[in-house]
Amino acid sequence: MAAVELEWIPETLYNTAISAVVDNYIRSRRDIRSLPENIQFDVYYKLYQQGRLCQLGSEFCELEVFGKVLRALDKRHLLHHCFQALMDHGVKVASVLAYSFSRRCSYIAESDAAVKEKAIQVGFVLGGFLSDAGWYSDAEKVFLSCLQLCTLHDEMPHWFRAVECCVRLLHVRNGNCKYHLGEETFKLAQTYMDKLSKHGQQANKAALYGELCALLFAKSHYDEAYKWCIEAMKEITTSLPVKVVVDVLRQASKACVVKREFKKAEQLIKHAVYLARDHFGSKHPKYSDTLLDYGFYLLNVDNICQSVAIYQAALDIRQSVFGGKNIHVATAHEDLAYSSYVHQYSSGKFDNALFHAERAIGIITHILPEDHLLLASSKRVKALILEEIAIDCHNKETEQRLLQEAHDLHLSSLQLAKKAFGEFNVQTAKHYGNLGRLYQSMRKFKEAEEMHIKAIQIKEQLLGQEDYEVALSVGHLASLYNYDMNQYENAEKLYLRSIAIGKKLFGEGYSGLEYDYRGLIKLYNSIGNYEKVFEYHNVLSNWNRLRDRQYSVTDALEDVNTSPQSTEEVVQSFLTAQNVEGPSC
């Protein structure tokens with residue numbers, strides 16, 4: 001291996017020429033800009049490789065230069081490397097480009113339609129790159145400028161452009177958690193759709209409905225999200241870009257997961273992963289997007305070990321494309337942190353989960369304001385981990401410090417969620433439930449009971465009596481009554497209810513059943529019902545044997561290397577099943 005590494009490989013003539021141009025960069029700067037875009041990019045990439053970021057930044061901050069570089073489509077992943085390096089270096093290239101584009105749009109407001117159309121095309125490419133790179137605020141500024149140009153002409157071609165612009169704007173606002181503005185954007189798109197319809201024209205609605213589904217999902221409006229994912233699926237055609245198809249399949253799968261339509265979710269997300277890998281390649285950010293949603297599905301169907309592996313694969317891709325201090329990398333760290341926390345819950349080994357949670361928070365706070373909603377879930381995950389570490393800690397002082405830090409993180413997350421979603425929301429309810437568990441660890445039992453009851457009430461009203469989220473909160477309240485408040489009769493009823501929901505949704509081998517079974521064994525021991533103790537020891541033993549057989553062979557990545565169905569067949573199968581079952585909302 002060492003010999004291979006030391007083997008000298010001569011530079012190609014092309015690379016030697018690029019190096020020569022870079023060596024004479026100061027004198028050749030103007031001439032470089034007249035080169036074809038692929039060659040021009042290679043010169044800039046060599047600057048990046050040599051660490052000459054100030055010179056690279058001065059080039060990329062010029063809109064004409066960067067617009068030309070963006071046309072080198074086969075170099076896009078390398079462009080992300082350069083761009084992220086500049087942002088990390090303190091060169092605010094995203095903001096500079098967005099500002100420059102916005103100014104240009106204001107200058108050409110009185111120009112003819114052809115000039116505006118060219119600017120809109122440039123804006124879509126620039127805004128799309130910034131969005132893909134995770135710089136949502138700057139992408140939003142670009143798309144708003146494009147939309148402003150669209151509104152200057154009240155004609156049919158501009159209505160089509162305005163719809164397209166609204167879809168892109170809705171995507172970046174979703175990514176940046178600006179959900180209220182996202183709703184306004186969707187309504188604006190609908191007005192343009194209505195104008196087109198009155199003139200006998202139709203724009204494809206798949207991407208727009210897919211983004212609306214994402215918005216509603218983020219706000220925990222799961223019934224509405226499911227309804228709109230069906231509408232998005234109806235709009236999929238063979239002429240749509242693969243990216244749109246993949247994104248609609250992803251969003252529809254997530255909507256199915258939270259509605260506990262796991263068979264549908266599996267079919268959709270597996271095809272999305274296959275499609276993304278087949279079309280974009282295994283190192284593309286879009287493939288990592290599908291892996292994150294595949295991990296979400298696996299985690300929710302209790303295939304926790306495989307979800308960790310999938311989340312790790314997604315993180316590896318995003319780190320290789322974007323580097324470290326990027327919002328896409330942060331979200332992958334967070335997802336991996338939570339799945340690792342769940343996976344290692346029984347073992348108590350939380351070092352890996354804590355590392356990823358802290359990385360997520362560190363990146364987000366470096367990039368975004370300290371009150372950004374994206375911090376709520378990352379802080380929540382870290383708080384959950386710290387609580388478990390504190391419980392296992394033998395040093396009282398360290399335990400109290402960790403519990404207090406977890407408390408501060410949970411309160412911060414709760415406030416961010418309430419500000420964004422209000423009191424009556426699943427996300428807010430989750431934070432109440434998390435506080436309930438923490439107060440139990442802090443031995444504040446009345447406060448813990450109050451938080452758990454509040455979480456259950458909100459979840460039941462929003463999700464129904466037999467949802468997974470309800471079962472979690474019911475099980476936590478049972479644990480409080482059993483271990484700390486000696487309310488055994490109430491605890492027994494709650495345990496049995498949690499078990500019934502878990503079995504109904506996930507089957508006899510559901511991982512969460514272990515804690516309910518162990519709780520019941522402790523409960524029956526406490527009240528001297530040894531017949532029941534023996535019964536649930538047997539139940540737990542059977543559960544352990546069942547768990548050993550589950551997911552022991554399956555490799556989740558191998559499982560999506562091929563697809564037995566075409567996209568048309570997947571869509572038709574989903575819609576046919578929906579028609580047979582009828583509306584679920």
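Contact here means heavy atoms within 4.5 Å. By that criterion, Tyr-45 touches Leu-78, His-81 and Cys-82, not counting residues up to four places away in sequence. The model is predicted.

**Tyr-45**

- Tyr-45 belongs to helix 4, which spans residues 37-49.
- The relative accessible area of Tyr-45 is 15%; because buried means under 20%, Tyr-45 is classed as buried.
- Between Tyr-45 and Ile-18 the C-alpha to C-alpha distance is 9.8 Å, while the two are 27 residues apart in sequence.

**Packing of helix 8 and helix 10**

- Two packed helices are described by the angle between their axes and the distance between those axes.
- For helix 8 (residues 93-107) and helix 10 (residues 136-150), the angle is about 10° and the axes lie 8 Å apart.
- Angles under 35 degrees count as roughly parallel, and helix 8 and helix 10 are therefore roughly parallel to each other.
- Helix 8 contributes Ala-94, Ser-95, Ala-98, Tyr-99, Phe-101, Ser-102 and Cys-105 to the contact, and these meet Asp-138, Lys-141, Val-142, Ser-145, Cys-146 and Leu-149 of helix 10.
- Classified by residue type, this contact of helix 8 with helix 10 comprises 8 nonpolar, 3 polar and 2 charged residues.

- In the model, the span of residues 429-462 is 91% helix and 0% strand, and its end C-alpha atoms lie 10 Å apart.

Terms used. Residues numbered from 1 in each chain as written. Predicted model: local features only at pLDDT ≥ 70, side-chain atom pairs only at ≥ 80, totals over all residues. Heavy atoms only, no water. Helix = DSSP H or I, 4+ residues; strand = E, 2+ residues; numbered from the N terminus. Axes fitted to C-alpha atoms, helices over the stretch in contact; angles between N-to-C directions. Parallel < 35°, antiparallel > 145°, perpendicular 65-115°, else oblique. Nonpolar A, V, L, I, M, F, W, Y, C, P; charged D, E, K, R; others polar. Buried < 20%, exposed > 50% of the residue type's maximum accessible area, 1.4 Å probe, protein only.
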